[in-house]
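Please examine the model shown below. This report then describes a pair of helices and a pocket.

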Amino acid sequence: MDKLAAYYAQRATEYERIYAKPERQADLAALRARIGKIFAKKAVLELACGTGYWTDVIAERAQQVTALDLNDEVLGIARSKKNAGKVTFLRGSAYEIPDQGRVHEALFAGFWWSHVPLERLDGFLKEATSRVKPGALIAFLDNRYVEGSSTPVSRKDAAGNSYQTRTLDDGSTHEVLKNFPSDGELIRLASRHGWGAHVDLLEHYWMLTWWAPK
Ligand SMILES: C[S@@+](CC[C@H](N)C(=O)[O-])C[C@H]1O[C@@H](n2cnc3c(N)ncnc32)[C@H](O)[C@@H]1O
């Protein structure tokens, strides 16, 4: 297992504290409403679902959700959520999405784009958009860098990826790749894998939507 996945396995039980930050509550409430609405009645494929914070929001109104993550530690928590009965959980990699027969009308990933190395983004998006129905709704949600609220960037590599040093409750420290793309970069990449790309910028988050190629 790679460093990123091992870090999230270790963080599983403390992960959802990130959603309790007081300064982010207004944005999160708006996003929960928006995300619940855009996926209503759809069959949704979710990548890197983690502890199921957004899976539960989506499953409330979606027809069905298939949620994938590499870690059993987080999937166990996701399975305990209120709307888990409408969700099929799968253990697997977002880079090798199991073939579901392109039955999903929408694709969602929260806080995953920022962890994909820049040099892998194009290949990842090609794979992901080929796993859902032609013309499917695609949505990615992730962090904007906010001074004083975000963990500072500790270094950048030659490819332009940025990294943070994060500490868990047991005192262990982890270097985590975490990118903060501009809205222009998001639109440019999304437009290579479909049409109608649009970015919403909130104070703490960005949300990118588009439609997969027909
Ligand atoms: C930042 S968390 C996001 C969790 C959830 N989507 C959310 O928004 O709360 C990143 C997740 O990616 C998962 N992960 C790491 N590497 C992965 C991979 N190659 N394929 C699928 N999931 C992976 C981790 O287990 C973790 O749950």
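At roughly what angle do the axes of helix H2 and helix H3 cross? In this predicted model, the axes of helix H2 (residues 25–38) and helix H3 (residues 53–61) cross at roughly 45° and come within 8 Å. H2 and H3 are therefore oblique to each other, and their crossing is right-handed.

On the H2 side, the contact is made by Leu28, Leu31, Arg32, Ile35, Gly36 and Lys37, which meet Tyr53, Trp54, Val57, Ile58 and Arg61 in H3. Sorted by class, this contact of H2 with H3 has 7 nonpolar, 1 polar and 3 charged residues.

A further feature is the second largest pocket, which holds about 250 Å³ of space. Its lining consists of 15 residues. Nearest the centre of the second largest pocket lie Leu118, Asn179, Phe180, Pro181 and Glu185. At least two lining residues come from each of helix H5 (118–129) and helix H6 (183–191). H6 gives the most to this lining, with 4 residues.

The table sets out the classes of residue in the two places described.

Notes:
Residues are numbered from 1 along each chain as its sequence is written. This is a predicted model: local features need pLDDT of at least 70, side-chain atom pairs count only at pLDDT 80 or more; totals for chains, interfaces and linings use all residues. Side-chain values use heavy atoms; hydrogens and water are left out. On a 1 Å grid over the protein atoms alone, a cavity is a set of points where a 1.4 Å probe fits but cannot get out, and a pocket is an open set with protein on both sides within 12 Å along at least five of seven lines; lining residues have an atom within 4 Å of a point. Grid points are joined across faces, edges and corners, and a volume is the space filled by probe spheres set on the points. Axes are lines fitted to C-alpha atoms, for helices over the stretch in contact, and angles run from 0 to 180 degrees between N-to-C directions. Angles under 35 degrees count as roughly parallel, over 145 as roughly antiparallel, 65 to 115 as roughly perpendicular and the rest as oblique. A crossing is left-handed if the near helix is turned anticlockwise from the far one by less than a right angle, and right-handed if clockwise. Contact means heavy atoms within 4.5 Å. Ala, Val, Leu, Ile, Met, Phe, Trp, Tyr, Cys and Pro count as nonpolar, Asp, Glu, Lys and Arg as charged, and the others, Gly among them, as polar.
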